[in-house]
Amino acid sequence: MKELSLHVLDLAENSIRAKAKLVTISITEDLNHNLLKILIEDNGNGMDEELLSVADDPFTTTRKTRNVGLGLSLLKAAALRAEGDFHITSEKGTGTKIEATFKHNHIDRAPIGNMGSTIATILIRKEKIDILYIHQVNGRQFIFSTKEIKKLLGEVSINTPEVILWIKDYINENVSELNK
Ligand SMILES: Nc1ncnc2c1ncn2[C@@H]1O[C@H](COP(=O)(O)OP(=O)(O)O)[C@@H](O)[C@H]1O
Ligand SMILES: [Mg+2]
């Protein structure tokens, strides 16, 4: 995939399928240590040890509709290509945590891409889910929480086109501000 945000979208889809109520997406850029870290944590169904041990294999899927599952294996490959690391922690009934690291300036490290679009797309797909998005660049951080937005919106659904557009722009503006 050309952008890391598309991997995040794909993994969030796994969290939705695992019936997660909260997905925490954290992107940490530490230029002093030449490090980019993506963390996706959910409180969904989790995996048992047997599934966990093969989860990042391209032929592992628990879907009934096909027999390859590329989401985790593609992100792992992207991290390893950029001299990074990949790790999954999961517990049945508790949730799952995926951690991918990259050498920030590696020539094969894909750009982060459009996180505003990714988060908007997750919310269009499943408005009931809550997302906590934390993006750090050299210690400065931007936090976006759907729980807070939903409180402000009151009766208005987070899924209305105006709100979705606002969320997308709000996130992208704040992330680009972090990089100034
Ligand atoms: N967040 C998650 N919570 C629970 N199970 C997961 C999660 N992510 C992945 N899995 C399990 O790992 C399998 C492989 O995931 P993935 O590589 O994304 O392929 P796919 O989604 O196409 O099955 C999934 O089918 C699912 O059983
Ligand atoms: Mg998947």
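Asn 34 has 13 C-beta neighbours inside 10 Å and therefore counts as partly exposed. This residue belongs to a predicted model, and it lies in the loop between E1 and E2. The phi of Asn 34 is near 50°, a positive value in a residue other than glycine. Most residues other than glycine have a negative phi.

**Residues in loops and at the surface**

Asn 138 also has a positive phi, near 45°, and is likewise a residue other than glycine. Its place is in the loop between E5 and E6. Because 13 C-beta neighbours lie inside 10 Å of Asn 138, this residue counts as partly exposed.

Asp 108 is found in the loop between E4 and H4. With 12 C-beta neighbours inside 10 Å, Asp 108 counts as exposed, since a residue with 12 or fewer falls in that class. Its contacts, leaving aside neighbours within four places in sequence, are Arg 81 and Ala 82. Arg 140, by contrast, is found in a strand, E6. Arg 140 has 12 C-beta neighbours inside 10 Å and so counts as exposed.

| Pair | Separation in sequence | Separation in space |
|---|---|---|
| Asp 108 and Thr 24 | 84 residues | 26 Å |
| Arg 140 and Leu 52 | 88 residues | 34 Å |

**Strand pairing**

Strand E1 (residues 22–30) and strand E5 (residues 130–137) run parallel and are joined by eight bridges. Within this pairing, Glu 29 stands opposite Val 137 in E5. Strand E5 also pairs with strand E6 (residues 140–145), here in the antiparallel sense and over six bridges. In that pairing Leu 132 stands opposite Ser 145 in E6. E5 and E6 form a hairpin with two residues between them, and Asn 138, with its positive phi of about 45°, lies in the turn.

A further antiparallel pairing joins strand E3 (residues 85–91) to E4 through seven bridges. Asp 85 stands opposite Thr 101 in E4. E3 and E4 likewise form a hairpin, with three residues between the strands, and Gly 93 in this hairpin takes a positive phi near 85°.

In a regular strand the side chains alternate between the two faces of the sheet.

**Helix H1**

Which residues of H1 are buried? They are Leu 4, Ser 5, His 7, Val 8, Leu 9, Leu 11, Ala 12 and Ser 15. The cover over these buried residues includes E1, E2, H3, E4 and H4. After H1 comes Lys 19, which has a positive phi near 65°.

**The largest nonpolar core**

The largest nonpolar core holds 34 residues, and Val 8, Ile 40 and Ile 119 touch the most other members. The elements that give two or more residues to this core are the helices H1, H3, H4 (115–125) and H6 (161–178), together with the strands E1, E2 (35–42), E4 (95–103) and E5. Val 8 is also among the buried residues of H1. Ile 119, leaving aside its neighbours within four places in sequence, is in contact with Ile 131, Tyr 133, Ile 167 and Ile 171.

Terms used
Residues numbered from 1 in each chain as written. Chains lettered and ligands numbered in written order. Predicted model: local features only at pLDDT ≥ 70, side-chain atom pairs only at ≥ 80, totals over all residues. Pairing = 2+ DSSP bridges. Helix = DSSP H or I, 4+ residues; strand = E, 2+ residues; numbered from the N terminus. Core = buried A, V, L, I, M, F, W, Y, C linked by C-beta atoms within 7 Å. Buried ≥ 20, exposed ≤ 12 C-beta atoms within 10 Å, placed from the backbone. Contact = placed C-beta atoms within 7 Å.
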